[in-house]
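Here are a few exercises to work through with the model open beside you. Try each task yourself before reading the solution under it.

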Amino acid sequence: MNYKQQVAQALVAIVDGNLTEEEIIAKIEIPKSSEMGDYAFPAFALAKAFRKAPQMIAKDLVEQIDQSQFESVAAVGPYVNFFLNKSAFSQDIIEQVLSNGSKYGASDVGHEGNVPIDMSSPNIAKPISMGHLRSTVIGNSIANILAKINYNPIKINHLGDWGTQFGKLITAYKLWGSEAEVKADPINKLLEYYVRFHKEAEENPELDVEARAWFKKLEDGDEEAIELWTWFRAESLSAFNKIYDMLGVQFDSFKGEAFYNDKMDEVVTMLKDKNLLKESQGAEIVDLEKYDLNPALIQKTDGATLYITRDLAAAIYRKRTYNFVQSLYVVGNEQANHFKQLKAVLKEMGNDWSDDMHHIPFGLITQGGKKLSTRSGRVILLEEVLNDATDLAKKQIQDKNPDLPNAEQVAKDVGVGAVIFHDLKNERMNNFDFVLEEVVRFEGETGPYVQYSNARAQSIIRKAGDVTISESNNELSDPAAWDTIKLLGDFPKIIKRAAKEYEPSVVAKYAIHLSRAFNKYYANSKILVDDDQKLARLALVQSVSVVLTESLSLLGVNAPKEM
RNA sequence: GACUUGGUAGCUCAGCUGGAUAGAGCAUCCGCCUUCUAAGCGGACGGUCGUGAGUUCGAAUCUCACCCAAGUCACCA
């Protein structure tokens with residue numbers, strides 16, 4: 001960054017006032033390959049002013065420029081290519097990494113502002129699927145990234161713990177369930193009752209009547225209904241927590257839909273007071289025509305409230321409770337319209353802070369090209385995927401490194417890491433078709449590849465034995481190490497971009513690039529040879545490990561020191 | 001039909017605010033473990049960047065139109 005400015009300052013002195021420093025900075029680009037230089041200035045922009053061919057301009061600029069602070073400056077076609085001083089740059093970057101450690105790349109963009117993040121949000125009595133995985137790991141990673149630039153993320157698991165399905169569930173349980181069964185295997189049993197209910201209700205509509213009655217009881221605070229609901233919720237939650245533990249994700253709040261039950265009347269009243277509610281086809285709506293949106297349906301014909309009413313109450317509650325600077329919703333793209341409506345209604349109510357609410361959408365996971373759905377039986381259970389991945393990692397360890405200490409834990413780190421990384425490495429919006437062999441792959445652009453690179457770095461440091469790696473005197477001029485060093489320098493910029501775009505894949509891609517550069521480096525250059533740059537090389541290896549570990553940590557992936 | 005996403009190598013995807021011969025991984029084929037873990041490294045093969053116009057010195061990138069796929073479109077969440 002300072003370096004780019006250096007380049008711009010050197011240029012601004014010799015362009016005869018035709019371009020400002022800012023304009024030059026905007027034009028400066030980074031060549032595709034470092035063989036072409038570290039920064040490049042295309043001379044096209046000066047062609048008109050100088051009335052000369054860009055190639056000539058580039059040549060002239062190189063002759064006039066003060067080259068003292070660069071390794072070299074060269075004209076290649078219409079470009080002026082700048083090569084940084086490798087020794088000084090490597091010393092600078094390595095010092096920054098080693099002195100800051102895991103805090104390298106941190107900044108104070110957020111000023112500790114609160115950012116509630118609505119994420120994961122599974123439904124009680126249903127298993128956590130691959131779809132929830134996306135919301136969970138994307139939300140978790142965004143939280144980590146925002147914390148890194150000093151926001152205060154608040155991870156909210158907006159549980160689906162209310163609704164007519166509980167009437168069905170209670171009915172089913174009373175008919176076919178048993179306490180012992182549920183205790184033994186809560187999610188699967190509850191799901192089984194639920195599925196059976198749907199099947200039998202097709203032939204026996206009486207069941208639906210019964211279910212509605214039970215839900216009514218629940219709403220009215222009937223003791224037995226509440227007791228069952230509380231129990232189902234607790235059982236489900238403890239099953240969910242098992243999976244969250246595997247993923248290494250913690251939440252700051254589990255306030256779900258039920259929590260907002262007594263907060264919706266206020267919303268409806270507010271809407272009425274502001275004359276926003278209109279009657280339409282027997283239901284109460286908010287007209288959003290001026291936003292080019294469909295009307296928001298606030299109250300059904302039977303007076304019951306809907307999803308959006310609950311989300312309005314939740315949004316208002318979050319503003320009051322956290323006074324957020326941003327409020328995020330990590331929810332699938334298929335709900336894009338809903339969030340537009342939600343923000344529009346809040347805006348209509350006079351809440352300008354609705355501009356600080358952002359829907360963070362993500363693409364669909366399909367199987368065999370088809371949408372997953374609980375009802376059709378196309379479910380991929382996250383727990384099974386994580387277990388399969390861990391088992392495969394275990395096999396891999398037996399194969400490659402049978403004497404590895406702590407093999408169980410490493411297998412978990414690698415297996416689960418592979419699954420999480422696979423989900424985060426591509427842009428959120430991409431859809432992907434679930435193929436187990438793809439998700440738990442350990443080679444190529446994968447989590448384990450990054451973990452392996454870090455483990456190798458750690459291994460080298462171990463082998464170095466009793467040496468003291470210092471923050472200073474790390475002037476590496478070796479061209480073989482150059483790409484790695486430059487990538488280390490990019491890390492702070494990468495984090496800011498990931499935060500701005502709410503895009504963990506930026507960090508994941510970076511981790512792959514750094515791993516690749518480092519693997520290439522140590523595969524061809526021996527680190528542990530006794531010469532005057534040995535300590536500097538070790539400092540670089542240590543820096544790589546610090547940044548890889550931190551990158552993985554931002555993604556929510558562990559970085560074992562040995563694997 | 002309207003709106004939202006997306007359409008880059010056989011497959012999965014990168015490509016930052018338009019710029020130098022369009023890059024990875026997987027798959028296929030070949031080479032490298034007597035030297036820091038081969039979960040690695042190197043090489044080969046492979047692309048009219050959906051199509052057609054336009055803006056520009058210059059377009060995968062910006063504008064418009066069209067084609068294709070997925071998703072959404074008031075009483076589920």
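**Exercise 1. Find out how many bridges join β1 to strand β3, and which way the two strands run.**

Step 1. Go to β3 at residues 79-83: four bridges join β1 to this strand, and the two run antiparallel. Strands here are DSSP runs (E, at least two residues) and helices are DSSP runs too (H or I, at least four residues), numbered from the N terminus. Two strands pair if DSSP finds at least two bridges between them.

Step 2. Pick out single partners. Ala 40 has Asn 81 of β3 as its bridge partner, and Tyr 39 stands opposite Phe 82 in β3.

Step 3. Check the side chains of β1. Tyr 39 and Phe 41 point one way, Ala 40 and Pro 42 point the other way, and all are buried. Buried means under 20% relative accessible area, exposed means over 50%, and partly exposed is in between (1.4 Å probe, protein chains only).

A word on the ground rules: this is a predicted model, where local features need pLDDT of at least 70 and side-chain atom pairs count only at pLDDT 80 or more, while totals for chains, interfaces and linings use all residues. Residues are numbered from 1 along each chain as its sequence is written, chains are lettered from A and ligands numbered from 1 in the order in which they are written, and side-chain values use heavy atoms, with hydrogens and water left out.

**Exercise 2. Work out the strand order of the open sheet, then say which helices pack on it.**

Step 1. The three strands lie in the order β1-β3-β2, with antiparallel pairing. At the edges are β1 (39-42) and β2 (72-76), each pairing on one side only. From one strand to the next, the twist averages 20°.

Step 2. Contact means heavy atoms within 4.5 Å. (Axes are lines fitted to C-alpha atoms, for helices over the stretch in contact, and angles run from 0 to 180 degrees between N-to-C directions.)

Step 3. Helix α4 (residues 54-64) packs on the sheet as well, touching β1, β2 and β3, and its direction makes about 165° with that of β2.

**Exercise 3. Is Arg 318 buried or exposed, and what does its side chain pair with?**

Step 1. Find Arg 318 in helix α13 (residues 307-322).

Step 2. Arg 318 counts as buried because its relative accessibility is 0%.

Step 3. A 3.1 Å polar contact links the side chains of Arg 318 and Asp 118. Such a contact is a pair of N or O atoms within 3.5 Å; within protein, one must be able to donate a hydrogen and the other to accept it, and residues adjacent in sequence count only if both atoms are side-chain atoms.

Step 4. Leaving aside neighbours within four places in sequence, Arg 318 has several contacts, among them Ile 156, Tyr 260 and Asn 323.

**Exercise 4. What is the phi of Asn 323, and where is this residue placed?**

Step 1. Asn 323 has a phi near 40°, a positive value in a residue other than glycine. Most residues other than glycine have a negative phi.

Step 2. Asn 323 sits in the loop between α13 and β9 (327-330), and at 52% relative accessibility it counts as exposed.
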